[in-house]
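Me: Hi! Could you walk me through this model while I have it open?

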Amino acid sequence: MTATIPRCQVVPLPDHQVSLQVDGKERTRWHARPSDPRPFFYPFLGPGGSSLTRMGHPGAPNHDHHRSIWFAHHRVVGIDFWSDQTEARIRQQRWLACADSDAEAILAVELDWTDGHDPAPLLRQELVAALRPGENGETLLEVQATFRPRSEQLEFGQTNFGFFAVRVAKTLSEHFGGGRLTSSTGAVGEPAIFGKPAAWMDYSGPASQGVGPQRTEQTEGITCFDHPANPGNPTGWHVRADGWMGASPCMHQPLTTTIAAPLQLRYLLHAHAGPLDPDKARSIAAQFTASPGFQVTKATVKHEQYTITRRC
């Protein structure tokens with residue numbers, strides 16, 4: 001019998017969640033509950049089956065805004081969309097489209113950034129996420145974000161906090177676990193990396209495989225790639241030994257998005273087995289550089305409002 005079920009699937013779930021799966025097993029999950037300050041991805045599974053990301057800081061109770069993998073920004077026309085201490089919120093407005101295939105599972109959503117006072121959004125974010133299987137149980141998660149302001153233009157102010165961040169699992173962190181933080185330049189550790197430009201950043205460390213008496217420990221990690229088309233590439237990185245890394249294109253200067261030319265950012269996460277392999281990371285970076293981005297367009301097929309395609 002010929003197989004008809006795609007390897008990679010987008011599976012909607014209750015409570016504003018969606019599971020991104022490969023061969024029937026979840027690799028990550030999208031969370032977009034209206035009660036949360038902003039959407040996020042959790043977990044992000046390594047090849048051994050444990051999550052390489054976590055919710056919150058291992059040693060600071062005031063870091064609930066660190067939600068695994070997320071988009072946010074500290075100064076959107078002066079408004080804080082980064083912390084949980086303001087009324088500003090990022091909320092999913094609607095699903096646009098999803099697509100299953102053997103190569104990748106893709107979802108597209110529309111997010112509104114509101115200041116908590118005016119119900120009309122300051123800007124609208126189109127987010128496309130594509131999950132792809134790698135070799136030996138590894139996972140690739142590509143995200144593309146397009147920011148369209150309600151006014152003619154909008155400024156994202158200079159800040160270390162934003163746009164794209166990853167809070168790694170406790171065991172992967174340098175301070176709380178046995179992890180290692182490495183940049184594409186070969187620099188190692190927070191003091192040598194913080195604020196410096198890099199094409200990609202890696203956090204690797206101990207991860208568990210299996211449960212109970214069969215549980216073993218192995219090294220796994222996450223590499224985050226900054227696409228060359230992003231403004232300011234190679235970007236500056238906000239990194240910490242306590243277990244997080246963030247691509248910060250506004251670290252050294254503000255950015256502006258306009259109706260005529262909306263800001264678009266692309267990132268790629270690679271959940272890999274073993275310690276960082278720089279040659280493999282460079283190969284993946286080259287493939288990411290050459291890959292076309294996504295285009296979300298209104299569909300002509302009945303009952304399908306939008307479709308997602310790779311740009312030519």
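Me: Thanks! What share of the 312 residues in the chain is buried?

Reply: Buried residues account for 54% of the 312, where buried means under 20% relative accessible area, exposed means over 50% and partly exposed lies in between (1.4 Å probe, protein chains only). Keep in mind that this is a predicted model: local features need pLDDT of at least 70, side-chain atom pairs count only at pLDDT 80 or more, and totals for chains, interfaces and linings use all residues. Residues are numbered from 1 along each chain as its sequence is written, and side-chain values use heavy atoms, with hydrogens and water left out.

Me: Got it. How many helices and strands are there?

Reply: The chain has 2 helices and 20 strands. These are DSSP runs numbered from the N terminus, with helices being H or I of at least four residues and strands E of at least two.

Me: In what order do the 8 strands of the open sheet run?

Reply: The order is β6-β7-β8-β9-β18-β14-β13-β12, with antiparallel pairing; two strands pair if DSSP finds at least two bridges between them. At the edges are β6 and β12 (180–183), each pairing on one side only. From one strand to the next, the twist averages 20°.

Me: Which helix packs on that sheet?

Reply: That's α2 (residues 278–290), which touches β9 (139–149), β13 (200–209), β14 (216–226) and β18 (263–273). Contact here means heavy atoms within 4.5 Å. The direction of α2 makes about 145° with that of β18; axes are lines fitted to C-alpha atoms, for helices over the stretch in contact, and angles run from 0 to 180 degrees between N-to-C directions.

Me: And how many bridges join β7 and β8?

Reply: β7 and β8 (residues 123–133) pair in the antiparallel sense over 9 bridges. In that pairing, W113 stands opposite L123 in β8.

Me: Switching to rings: how many aromatic pairs are there?

Reply: The count is 15 aromatic pairs. Rings of Phe, Tyr and Trp (its six-membered ring) pair if their centres lie within 6.5 Å; planes under 30 degrees apart are stacked, over 60 edge-to-face, and the rest tilted. One of the pairs is F81 with W113, tilted at 5.1 Å centre to centre and 45° between the planes. F81 sits in the loop between β5 (69–73) and β6 (89–99), while W113 is in β7 (residues 105–114), 32 residues apart.

Me: Are F81 and W113 buried or exposed?

Reply: Both F81 and W113 are buried.

Me: What about W82 and F161, why is that pair called tilted?

Reply: Their ring centres are 5.5 Å apart and the planes are at 50°, so the pair is tilted. W82 lies in the loop between β5 and β6 and F161 in the loop between β10 (153–156) and β11 (162–167), 79 residues apart. W82 is buried, with a relative accessible area of 4%, whereas F161 is partly exposed at 30%.

Me: Nice. Which rings make up the cluster?

Reply: Ring pairs link F71, F81, W113, F147, F156, F163, F164 and Y267 into a cluster.
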